[in-house]
Amino acid sequence: MHMSEKDQKKVDNDRWNYLYAALVILLILKILLFYYLTKTLQ
Amino acid sequence: MSTIDWVVLICTLAFIVIYGLYKSRGQKNTESYFKGDRSLPWYTVGLSVMATQASAITFLSAPGQAYDDGMRFVQYYFGLPLAMILICAVFIPLYHKLNIYTAYEFLESRFDLKTRSLTAFLFLIQRGMATGLTIYAPGIILSSILGWNIYYTNLAIGGLVLLYTFTGGTKAVSYTQMGQMAIILIGMLLAGYTLVSLMPSNVGFVDAVKLGGELGRMNIIDTKLDFNEKYNIWSGILGGFFLALSYFGTDQSQVGRYISGKSIREIRLGLLFNGALKIPMQFFILLVGVLLLVFYQFERPPLIFNKVVETKALESDYRQEYIELQQQMEVYYLEKTEIAQRLVGRDSDDPSMSIDKTNLRQLQFQVDSLRGEAKALINAHDPVMDTNDVNYIFIDFITRYLPMGLIGLLIAVIFSASMSSTSSELNALASTSVMDIYKRSIMPGSNEAHYFLASKIGTLFWGIIAIIVANLATKMGSLIEAVNILGSIFYGTILGVFLVAFFVKFIKGNAVFIAALIAQLTTIYCYFYTDLGFLWFNLLGPAIIITTGTLIQLYLNSRGAKG
């Protein structure tokens, strides 16, 4: 069964939102890693 | 430089230029010349965006900065991924739907022609001058370290960039940038690897990073909220976000890069790729600087890294005082080497180590102070001498310690970085002057062949201007500061107009135009008659445009309602 154009758009949007969320999580992980390095090495 | 280095340098640059020209052959119209027929895949878009931002000074200055001040500069990039997300979600769909040539074109559909022309004009003045400095900045360093004539380096960088940007347009810019980024990454990795391998055999990579921490340079994150500190996590996320938003979202040298993407999907992936990789790349470049400082615990460093300045000091009347500082540095160096050797490979929990750690950091602090004293001594006798040697630290290491061949490759990295930024800027200047000013207001209604020719002439014109500015900067140092200030006083206004365009729907064309003029005049007034630091102009412009724009729009609305 084919999705309507509106549903397809929603699925696409959701995919991008997941990708944006992944980038934010990646940023948080980088900052946490840097924080750990600062605390242990300084 | 040896013959092998010359061969590596010339072959690397020639290969990149020829590859770019080959991939961009058959340019026929402005659509392909400025938008690459909207055909580029995400990885080309991503690498092109990264290469545009990374200028030669990035690679010369960042390791030096980490050497002197530690890793905290990386926080400056924390806002970048967030700006990428906003640009992908809000800016890209609009830019793509309107099929724009330049960012300023969007402003005509949102506001009116006069707002588009004003922002395009401000961009042309600011970037037209600054492009010359992108060429000049590495030239002055290479000429001082290698003894090259700066006019030749200006001509070589400017001429090579002009060759492929003029011939192949935006596609040539993007494809050469892929090669340039590859060379930059390979070169920096090899430099980092060689740096560690040149340290004593018992010092590995992990030991070196630990020693960097002992020396106080692994200060990556600073969580203290202090408005007087340039780099902390808060200014990095917030300030970095606005800076990245204005640079990637409204500066044609970046917008011109990603509008050539095949689809919204490819553009978004390219920008997110930049958002994911920028921080690790910058972290690594800074880490090279920390490793360099560790290397100089085991190898005698110069007191001042700019040879020209040091030679002048040693030939001057205050020679004796300078030599005394060098001798003091020698004493500290010998002590540091001994302590660093003891610290390597030992358990960090060993209580006896804590005294060594404190002493090492204290000695490094004294060496840093000695460097400051030496610079103050030189400036006291010669106030115009530029004693800031941050940009010379890494290149001095390259020329003194790297093996034959690798020196040529690293010089190619610096050339590549300069060329990749310059080419984007020339392409952006040409597209803005032709599409926003010439085609729209001076000569509308001509045929495509005419505008294509105008685009090529525009590229040539801006290329020649850039080379002239680079050569003028050599003669008048004050020009550099003038151009930097020019950038700051216009950037805020442009960002303000775009922020209103995207986020304050209520404000219309006339209101934003008047507000932009008020903001620009206020900024110029503040520059001449107040002590406000020029970095603050980036915030002042948007603040004035949004507040006065709102007031003017309310006034216009009330007048309209009465009428």
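1. The interface between the chains. In this predicted model, 15 residues of chain A are in contact with 29 residues of chain B. The area buried between chain A and chain B comes to about 1900 Å², and carbon and sulfur atoms give 79% of that area. On the side of chain A, the residues A:Tyr20, A:Phe34 and A:Leu41 supply 31% of the area that chain A buries against chain B, which is more than any other three residues. As to polar groups, the count between chain A and chain B is zero salt bridges, while four residue pairs, both members at pLDDT 80 or more, are in polar contact.

2. Helix 15 of chain B. This helix runs over residues 353-381, and its 29 residues should span 42 Å at 1.5 Å a residue, which agrees with the 43 Å found between its end C-alpha atoms. Among its buried residues are B:Met353, B:Leu360, B:Leu363, B:Val367, B:Leu370 and B:Ile378, but also the residues B:Asp356, B:Gln364, B:Arg371 and B:Lys375. The buried residues of helix 15 pack against several other helices of chain B, namely helix 4 (56-69), helix 9 (205-214), helix 12 (264-298), helix 13 (307-314), helix 14 (319-343) and helix 16 (393-401).

3. The side chains of B:Asp68 and B:Arg371 meet in a salt bridge, with 3.3 Å from N to O. The pair links distant parts of the chain, since B:Asp68 lies in helix 4 of chain B and B:Arg371 in helix 15 of chain B, 303 residues apart. The two partners can be described separately: B:Asp68 counts as partly exposed at 25% relative accessibility, whereas B:Arg371 counts as buried at 4%.

4. A salt bridge joins the side chains of B:Arg116 and B:Asp436, with an N to O distance of 2.7 Å. Because B:Arg116 lies in helix 7 (residues 113-146) of chain B and B:Asp436 in helix 17 (residues 406-442) of chain B, the pair ties together parts that are 320 residues apart in sequence. Both B:Arg116 and B:Asp436 are buried.

5. B:Asp251 is buried, with a relative accessible area of 2%, and B:Arg127 counts as buried at 11% relative accessibility. Over all chains, the count comes to 21 salt bridges.

6. The loop residue B:Ile304. This residue lies in the loop between helix 12 and helix 13 of chain B, and it is buried, with a relative accessible area of 2%. B:Ile304 and B:Thr387 are 83 residues apart in sequence, and their C-alpha atoms are 8.1 Å apart in space.

7. B:Gln282 is found in helix 12 of chain B and is buried, with a relative accessible area of 0%. Apart from its neighbours within four places in sequence, B:Gln282 is in contact with B:Thr58, B:Ala62, B:Phe73, B:Val74 and B:Tyr77. B:Ser316, found in the loop between helix 13 and helix 14 of chain B, counts as buried at 18% relative accessibility, where the cut-off for buried is under 20%. A polar atom of the side chain of B:Ser316 lies 2.6 Å from the backbone oxygen of B:Ala313.

8. Cysteines. The structure holds zero disulfides over all chains. Regarding individual cysteines, B:Cys11 is partly exposed, with a relative accessible area of 47%, whereas B:Cys526 counts as buried at 12% relative accessibility.

Notes:
Residues are numbered from 1 along each chain as its sequence is written. Chains are lettered from A and ligands numbered from 1 in the order in which they are written. This is a predicted model: local features need pLDDT of at least 70, side-chain atom pairs count only at pLDDT 80 or more; totals for chains, interfaces and linings use all residues. Side-chain values use heavy atoms; hydrogens and water are left out. Helices (H or I, at least four residues) and strands (E, at least two) are DSSP runs, numbered from the N terminus. The expected span of a helix is 1.5 Å times one less than its number of residues. Buried means under 20% relative accessible area, exposed over 50%, partly exposed in between (1.4 Å probe, protein chains only). Contact means heavy atoms within 4.5 Å. A disulfide is a pair of cysteine sulfur atoms within 2.5 Å. Buried area is the accessible area (1.4 Å probe) that two parts lose on being put together, summed over both. A salt bridge is a side-chain nitrogen of Lys or Arg within 4 Å of a carboxyl oxygen of Asp or Glu. A polar contact is a pair of N or O atoms within 3.5 Å; within protein, one must be able to donate a hydrogen and the other to accept it, and residues adjacent in sequence count only if both atoms are side-chain atoms.
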